Amino acid sequence: MTALTTPSAEAPRRTARAHRNRYLAGLLTGRGLTGLTLVGLLALAGLFAPLLTDLDPDAQSALALAGPSADHPFGTDDLGRDLFSRVLHGIGTDLAITFSAVPVGALLGCSFALLAASSRWADVTVQRAFDLLLAFPGIILALAVTAVLGPGRWPVLIVIALAEIPGFGRQLRAGILVQREREYALAARVGGASRLRVLLRHVVPNAADPLIVQTAVALSIGVFIEGAMSFLGLGVRPPEPTLGSILSQSVAYLSTHPTFAAAPLAATTALVLGFTLIAEALNRGIRR
Amino acid sequence: MTAFTSTSPSGLSRRALLRGSLAGAGLLTLAACRSAADTASSAASGSATPRRGGVLTVGTGIDFTPSLLFAQSANTLVQRLVFNTLTRYDDQLRPQPELATSWQLGADGTSVTLELREDVLFHSGRRFTADDVVFAVKNLQNPARSAQLRSTAAAVTEFRKNGDFELTLVLAHPVSNLFDLFEFMIIPDSASVEDAVAGTRLIGTGPFTFTQRKPGSSITFARNDRYWNPGRPYLDGVEIRIVPQAESLLSSLRTGQTHLSYAIRGKDVATLKGDPQFRVKQYDTGSGAYYIGADLTAEHVSDKRVRQAIAWAVDRDRLVQQALGGYGTVSAAPWPRSSPAYSEANATRYSHNPDKARELLKEAGVGTITLPFAHSNDPGNTAIAQILQYDLRQVGIETVLQPTDSPTMQKQLIAQSMPALWTLSHGFAQLQPATLTVSAYPFNEARNSSHFSSPAYTELVQQAWHRPDSDSPEAKALHQRITDVLLDEEFVIDLAIGGLVEVAGRQARGTDLNKFGYLNLDDAYLTA
Amino acid sequence: MRSFLLKRLPSGLLVLVLASFLVFLILRLIPGDPATSLAGPDAGPEAVAAIRGRLGLDQPLLTQYVGWIGDLLTGNLGPSYAIGGRISDLIGNGIGATAQLTLGALLLVILIALPLGVLGATTRRRPVAAAVRAFTTAVLAVPPFVTGVLLVLLFAVTLRLLPAGGHESLLDQPDLAVQYLLMPALCLALPSAAVLARYLKDGLERALAEDYVRTATALGVSRRRIVWQHALPNALPSTITVLGLQIGHLIAGAVLVERIFAWPGLGQLIEQGVIRRDYPVVQDLLLLIVAVHVAVQLLTDLVYAWLDPRIRWE
């Protein structure tokens with residue numbers, strides 16, 4: 001392993017503009033477009049749910065557990081509510097939750113990682129903070145938070161944001177560590193550039209790549225956490241629909257009314273699939 | 001696998017062949033060893049004669065709470081396995097002997113003399129005597145036990161022993177539900193009762209001895225070889241398995257992992273009904289009545305008309321169909337069909353009439369209001385709460401759902417700290433009618449979860465309770481007057497009586513529940 | 001290596017201490033007074049006060065904390081409030097099952113991710129690469145609780161190959177125990193395996209794109225040798241970090257999986273503890289989980305440092 005060192009110490013010269021173009025190029029592949037289409041369609045469906053259906057997602061009727069029909073394209077749930085409307089509104093709820101919680105978590109995580117790069121002391125402190133957060137992973141965190149706050153939308157947001165901090169933070173920190181020891185960074189420092197300049201101009205842009213993958217994973221984890229919390233009865237309060245709550249509701253009818261599960265399952269899968277495809281496309285784009 | 005090796009080797013590379021035979025060997029190993037999925041399901045319809053041996057597995061959704069051993073709680077499967085009661089009811093609410101072989105009521109109804117079995121040993125080896133009955137009654141009188149039948153136990157003021165096996169209980173006044181107490185009161189070993197409520201050691205006289213408890217997972221019991229009932233139990237042991245998820249519970253019955261369950265939801269029972277692999281039995285006592293409770297100290301619902309409006313607002317038929325899978329009966333009154341107080345007119349006093357509800361609200365001067373509404377956070381009760389929330393919204397009553405875990409619900413119910421509205425189910429209506437009104441937390445005339453009190457209600461309840469009988473015309477007239485108060489005041493708004501359904505694999509026979517839902521497996525056996 | 005361990009061990013202990021503060025304080029924020037609920041609804045204020053005294057709830061927080069840590073260090077976990085029984089017995093009952101589940105899942109994660117990651121990065125056949133990608137994407141996209149129920153429907157209800165839920169001791173009946181373990185472990189393992197496979201694949205692809213690989217290929221080193229002896233060791237350090245993170249997810253996911261498969265482990269115990277406000281149980285279990293984490297993270301960092309000499313710890 002030591003025998004094979006990188007032959008060239010040339011810095012990968014990447015400006016912000018070049019980066020953007022690479023991202024764009026990545027997204028314009030078949031995979032990226034598929035992902036964008038999936039997420040875009042779902043986002044539009046969630047956003048314009050009130051225009052797409054005039055049925056109230058909470059309106060109940062005597063027609064329970066009906067299969068798909070002209071009136072109810074996805075059928076109805078166990079309380080006779082229209083599943084088309086519920087799934088559309090559920091997508092909206094999920095997107096609102098993950099798109100507000102994940103950026104908060106990512107921002108906090110990355111800020112901590114940058115802070116960690118500033119000094120040895122800060123690094124140790126931030127590392128311990130991450131370790132501390134990681135000591136309460138996913139559902140354990142959800143149990144602890146909801147034990148104090150009770151179930152609801154805010155606890156779900158808080159749990160997702162908290163859960164994402166160490167993932168982003170550690171990823172960026174690890175990237176910085178590796179990149180900082182690379183020859184181009186050492187060369188830049190030897191060349192008289194300040195620590196901060198080297199960090200921001202050279203190290204961070206090169207260390208940020210894995211964060212793209214992390215973002216996709218984080219968004220899907222957000223959807224997972226929402227679903228898991230709904231499943232354990234710790235999630236967004238009924239009757240507000242979320243993908244997780246509709247799904248967990250349908251699970252009881254899998255053997256008798258499989259069509260109930262079909263729509264929320266497809267929507268959840270498509271959403272995460274979309275995030276994943278986008279991330280893969282971006283990832284390939286920047287590596288090209 | 002044989003097919004694999006007999007294909008021409010030329011078509012397969014050496015490595016592919018190796019891989020194939022490894023996979024084949026793996027399958028063969030799996031087939032050769034016992035299958036955990038099939039251990040209990042292979043039996044065809046066996047003989048109907050009781051057979052000794054075997055361990056019966058009972059599936060339930062809710063764990064046993066030791067601290068509620070002497071109270072009516074969500075899991076009452078343990079009580080009658082480890083312990084005995086003095087008497088037990090038949091289907092007509094006539095007491096039958098158990099640890100008491102005979103009984104004689106005093107002429108004025110203020111005493112009862114019990115003859116006790118003389119051949120009963122506790123699991124610890126100690127002989128059961130009249131002192132143990134005295135202890136059991138005093139145990140229920142202890143407020144720390146939170147026993148719903150405490151008022152009846154407290155009516156016992158004096159114990160007169162005549163030897164070790166005859167005991168006279170002297171009562172402060174006649175009570176119409178004495179045998180409810182004898183059906184309810186398990187006889188514990190006095191020395192280990194604190195261990196029992198801590199869940200570490202359960203010592204009784206029952207057919208099974210407690211062997212191990214894994215909280216949240218299982219409780220196991222072994223056959224009591226010195227049981228007083230000759231030749232019983234047939235089973236070598238019992239395992240109560242806690243399966244919190246309804247779907248897994250259903251699957252575990254399907255695969256024969258569990259033999260018996262009383263916790264299958266109505267809608268799932270419907271899917272099992274045509275299956276010859278299962279035996280489905282419905283108890284006409286019901287599994288309790290679903291209701292909306294109102295805290296009369298809260299704003300708005302303190303007005304009787306608002307509570308009546310709620311009673312008119314709910315579509316009970318839809319509730320029974322959608323939340324109970326049709327396994328239930330619409331009822332505006334608490335009494336199931338088996339109760340002496342049941343009448344069709346009472347059960348149908350309130351029907352689905354949103355206009356009438358709106359009218360009453362208008363009369364009460366109530367516009368659109370928002371009320372907190374607590375419910376148990378399991379899926380079944382969450383569905384019920386959502387149905388009720390929707391129906392109430394239609395008449396202008398907005399509710400904020402408060403999902404709450406069952407133990408907390410139970411505690412709030414007892415401590416009278418419920419929010420303005422809540423929904424739960426209550427038992428005790430399947431017994432002597434007086435028991436409901438002096439014992440069940442929602443109805444207790446002296447101290448109920450709604451903070452309802454009225455001298456008239458108390459008076460009627462005391463009269464009905466202080467009678468030595470419950471089926472004379474006078475008693476029935478009293479029951480009707482009590483029902484009239486309940487249906488007028490509506491501090492408990494009854495909705496439907498849930499169905500109590502036993503689902504058992506074909507192998508499990510002879511299983512039974514008493515009127516409090518205690519599982520009785522004295523006569524149970526597994527067919528070969 | 002030893003000096004590295006000496007440096008990291010104190011910080012691990014520091015995390016443990018900080019976490020114990022956090023756990024202790026978080027659970028003091030839970031609404032509801034355990035003494036009141038323990039005493040029962042009819043108890044007078046004296047009875048509640050007596051229980052507070054017995055539980056030490058009337059002491060200052062710091063005294064309570066020190067008492068708790070002291071009890072932990074002496075192995076005296078005391079009784080649980082609501083579940084019943086001694087906490088050490090409760091944990092003893094559950095820890096074996098949870099260890100079986102998470103270790104089984106971890107084994108499956110590695111068994112699935114390693115070949116999948118290597119295959120995905122090295123195959124030259126487009127359909128194979130596409131299949132690997134589709135599989136990891138699909139497994140990631142289906143939430144574990146749906147995987148769980150689908151597994152039950154397929155293997156327990158339809159095929160009747162595996163039991164729907166429950167647990168046997170691996171020591172008493174190994175053949176049955178493995179069958180009980182398969183579905184929950186698989187359900188728990190799949191998402192982590194997909195994540196790990198993806199990271200491994202990305203890492204390998206990055207490593208294989210490096211100049212030294214080209215050099216080595218030009219020098220006639222065999223492809224297999226390049227992958228296993230050069231690319232994999234280079235891709236491993238970051239993969240190990242991810243694996244360390246995934247162990248956290250496994251332990252957390254166990255709560256959900258244990259619930260679905262009626263698996264009598266610590267996940268069910270902590271859930272019970274939270275639901276019943278039995279905070280001595282929750283406290284002790286949270287700290288136990290933290291301790292496991294600290295150990296895993298320490299191990300992860302050690303392996304990372306060992307595998308990647310570019311990181312130096314002066």
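Angles under 35 degrees count as roughly parallel, over 145 as roughly antiparallel, 65 to 115 as roughly perpendicular, and the rest as oblique.

A word on the model: it is predicted, so to speak of local features we ask for pLDDT of at least 70, side-chain atom pairs count only at pLDDT 80 or more, and totals for chains, interfaces and linings use all residues. Residues are numbered from 1 along each chain as its sequence is written, with chains lettered from A and ligands numbered from 1 in written order.

Let's go to chain C. Helix H10 (223–260) and helix H12 (279–307) of chain C pack at about 175°, their axes 9 Å apart. Helices here are DSSP runs of H or I with at least four residues, strands are runs of E with at least two, and numbering starts at the N terminus. Axes are lines fitted to C-alpha atoms, for helices over the stretch in contact, and angles run from 0 to 180 degrees between N-to-C directions. H10(C) and H12(C) are therefore roughly antiparallel. Among the contact residues are Pro233(C) and Ile251(C) from H10(C), with Ile289(C) and Leu307(C) from H12(C); contact means C-beta atoms, placed from the backbone, within 7 Å.

Now chain B, friends. Its open four-stranded sheet runs S4-S5-S7-S6, with antiparallel pairing; pairing takes at least two DSSP bridges. Strands S4 (100–105) and S6 (156–161) of chain B are the edges, and the twist averages 20° from one strand to the next. S6(B) and S7(B) form a hairpin with four residues between them, where Gly163(B) has a positive phi of about 75°. Across that pair, Arg160(B) stands opposite Thr168(B), and Lys161(B) opposite Leu167(B).

Methods:
Two residues are in contact if their C-beta atoms, placed from the backbone, lie within 7 Å.
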